[in-house]
Structures are given as structure tokens and as C-alpha cells.
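The following note sets out several points for discussion, in numbered order. Please read it alongside the sequence and the structure shown here.

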Amino acid sequence: MIVEKLQLQNFRNYSHTDVKFFSGLNILQGSNVQGKTNLLEAIYFCSIGKSLRASREKEIIKFGENFAKINLEIRKKVKKTAILLYFSKNTKKTVKINNIPIQRISELMGEFNAVYFSPDELKMIKEKPEDRRRFMDIHISQTSKQYFYLISRYEKILLNRNKLLKSPADKNSIKETIDIWDTGLAESGSKIILFRNDFLKNLKPYAEKVHQYLTSNKENLMLEYSGEKENDLDVLKKKFLSALKQNFDKDIKMGYTNYGPHRDDIKVSVNDIDIRSYGSQGQQRTVALSLKLAELEIMYQETNDMPILILDDVLSELDSKRRERLLKFCVKAQTFISGTDFPELKNAHYYKVENGTIKLDK
Ligand SMILES: Nc1ncnc2c1ncn2[C@@H]1O[C@H](COP(=O)(O)OP(=O)(O)OP(=O)(O)O)[C@@H](O)[C@H]1O
Ligand SMILES: [Mg+2]
């Protein structure tokens, strides 16, 4: 899959942009605060239908304007697809695929697959389990609409169950009515656990291999899902229901649900050391990168089509050896990579990003 063309209108600091890209390496060079991250954000927006950066979606509309537009043209082998996102200050965002409006964001999943890495992704290693769950959820949603649906269903049921746990009603009447949420939670939650186990099982060998490659065989990466590892759906459901029953008193006391995939995590260690607590900055960054590059590989296998790779400001904090190896790895996919300066590379296209404009440099 490749991005052939991007048009932006009033997107962050871009007024009007119309730019063509090439297969292979597309290098976005520019000083700080010029619009490199903004442009990569726009491309990734078309992949997952949201921004990982904007806390309020409307903040992407250029200051002083009333609407913004992203128009992306992609090609999968011979099939061309146009994705249009339209944001307005006053109405809901609209998404069109080949000019046909879609009703739900889930319809966008799988149209345009991309793997995105930015300095913020370091959160995935350093911070809360929530960031690692997000990593799994975004990946699996891109390759399975069913999963996307399961996650939103699970979240809705969880919200209702937690509301009930917090309600002023007495414990016995809560106990009587909670069954309906428990059944729904166990039903969708068990499937989520199966999907995630599967994902990690596939990711693990690639992540370990890529990490060895990036670190010149100096580091061994280990990944492990912290949740249930059972792979029989019925057994999982039974376990789920009995764990909910067992935790009922604790849940009531705390006002939320203690058991379930919304509490799960990925344990990440390097050379048997917990990387979250003890890893160096460069080491954590390399681990995050290994996970992303492995994600690229398995997405390729799952979809039979190479996703695009977006690497925002990734080279800082990597030593020259790791940089060199990373750039070598990138030739596998159409890659967008941004930074302030790059070495001369063969077969790469260089773009200059300056004050909300982008143009092909050489
Ligand atoms: N809605 C908006 N309207 C206009 N400008 C915006 C909007 N949102 C962000 N910007 C501007 O975009 C600029 C930042 O762009 P961006 O983050 O893409 O920079 P960058 O080239 O990635 O820089 P760095 O190298 O520091 O990461 C800032 O000047 C910011 O004010
Ligand atoms: Mg940036």
C-alpha cells in the first residue's frame, strides 16, 4: 500500500497543500515548529479516524478558520482509494471513502493501514498499562472490524456496570441486577482476551528478532500478556463470570470493576530486566520501535499488503548504529520519516517542510 497524494486545507498550520509522495523513503526535513508532525498526524488520521495527539478534535482546524479537510489518495496494488475527512467547527466530522460517506468509523478500519511512531509512543513503554492496551487495541482494530466493535461494546457495558456499583441502591438489589452486565462483560471480554493473546503470540517472535537486529544482538526482548492466557472461549467465559462474582464485594467497595481485559497489560523486559522501571531513555525508545516495526511485519502478514510506516522524529536519541539499522529496515515499506537533518541516502525523496508548506527538495 502506498500514499500517492495528500491534500490539506486549514489543517493546523497548513492553509492549502497538495503534495505527491513516492514508494520507499519519504524524508520530511525542517527546523522545529514548521509542521512536520502536523502533516504526519493528518496522514495517520486517515488510517484510524482519529488523532492520537489532539485532545479535542476540533483543535486541528487552523486558527481563525471554520473547517478543515484532509484528502488522501492511496493505492493498494492497482486499486486506488480516496479518503476524505472533513471537520467543521459546528458539525460532526464526516468521512468519505471514494466519495461515499460512511456512517461509522469502523467502516474506515482496514482501508488504509499504517503504523505510527512518534516520541509520544514512548508512553507505551514508560507509562500506564492503558498505553500498552491502546497499542494492542489500535492494531487489532485495524485488522478486525469485529474487534473494534467488541471494544466499544465492552466499554459501554463496563461503564454501566461501574455506574451500578456506585449507585446508592443497597447491595442485595445491586447483586440481583448486575447479572445482565456480568454476562455481557464476560461475553465480549473473553473474546477481547482471545484476540489480544493471538496478537501478542504473533508479535512476539518478530519483536524479539527486530530488537536483536536494532541492538546488534546485544539485547534480548521479552513480551508477555499479563491477562488470562487461556485459549478456549467457553473456559474463559466461565472464568470471567466466576471472577466477577468473586470480586463483587471488592467491586462494590471500590466502585469499579476489578477484573477484566480493561486491567490487563503487556510485560516488557530486556535481558530479564523490567524496562519500564529500569530502562535507559534510548533503550526504551528502541523497545518501542521494535514493537512498532514488528507490528508492521505482522500487519503485512495479516492483510497480505504492506502497511505504510510513519516515523516522527525518531532518530534523535538513537546512536549512529541504531539509526543506520533503522533506516535499512525502513526500505520494506513506504516510509514517512521526519527530523531536522538527515544524511544523504540513496533512493530517498527529500521534502522541505517550512512554515506550513511542504515541497519536494530533490
Ligand atoms: N489549529 C492550528 N492552527 C494553526 N497552527 C497550528 C494549529 N495547531 C498547531 N499549530 C501550529 O503548528 C506548529 C507546530 O507544528 P509541528 O508540531 O508539526 O512542528 P514540527 O515541524 O513537528 O516541529 P518539531 O521539530 O519541533 O517537532 C506550531 O507553530 C503550532 O502553533
Ligand atoms: Mg514534530
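1. Two residues are taken to be in contact if their C-beta atoms, placed from the backbone, lie within 7 Å. On that basis, and leaving aside neighbours within four places in sequence, I310 is in contact with L40, I43, Y44, A114, V115, Y116, F117 and F336. The model is a predicted one.

2. At least three residues of the core come from each of domain 1 (1-113 + 306-362) and domain 2 (120-304). I43 is also among the contacts of I310 listed above.

3. Helix 3 spans residues 129-143, 15 residues in total. From its first C-alpha to its last, helix 3 reaches 22 Å, close to the 21 Å expected at 1.5 Å a residue.

4. Which residues of helix 3 are buried? They are R132, R133, F135, M136, D137, H139, I140, S141 and Q142. The cover over these buried residues includes helix 1 (36-48), helix 2 (123-126), helix 4 (145-166), helix 6 (179-214), strand 10 (266-270) and helix 10 (281-303).

5. Ligand 1 is surrounded by 17 residues, of which N13, N32, K36, T37 and N38 are the closest. Helix 1 gives the most to this shell, with three residues.

How values were computed: Residues numbered from 1 in each chain as written. Chains lettered and ligands numbered in written order. Predicted model: local features only at pLDDT ≥ 70, side-chain atom pairs only at ≥ 80, totals over all residues. Helix = DSSP H or I, 4+ residues; strand = E, 2+ residues; numbered from the N terminus. Expected span 1.5 Å × (residues − 1). Buried ≥ 20, exposed ≤ 12 C-beta atoms within 10 Å, placed from the backbone. Domains from an automatic or database assignment. Near = placed C-beta within 6 Å.
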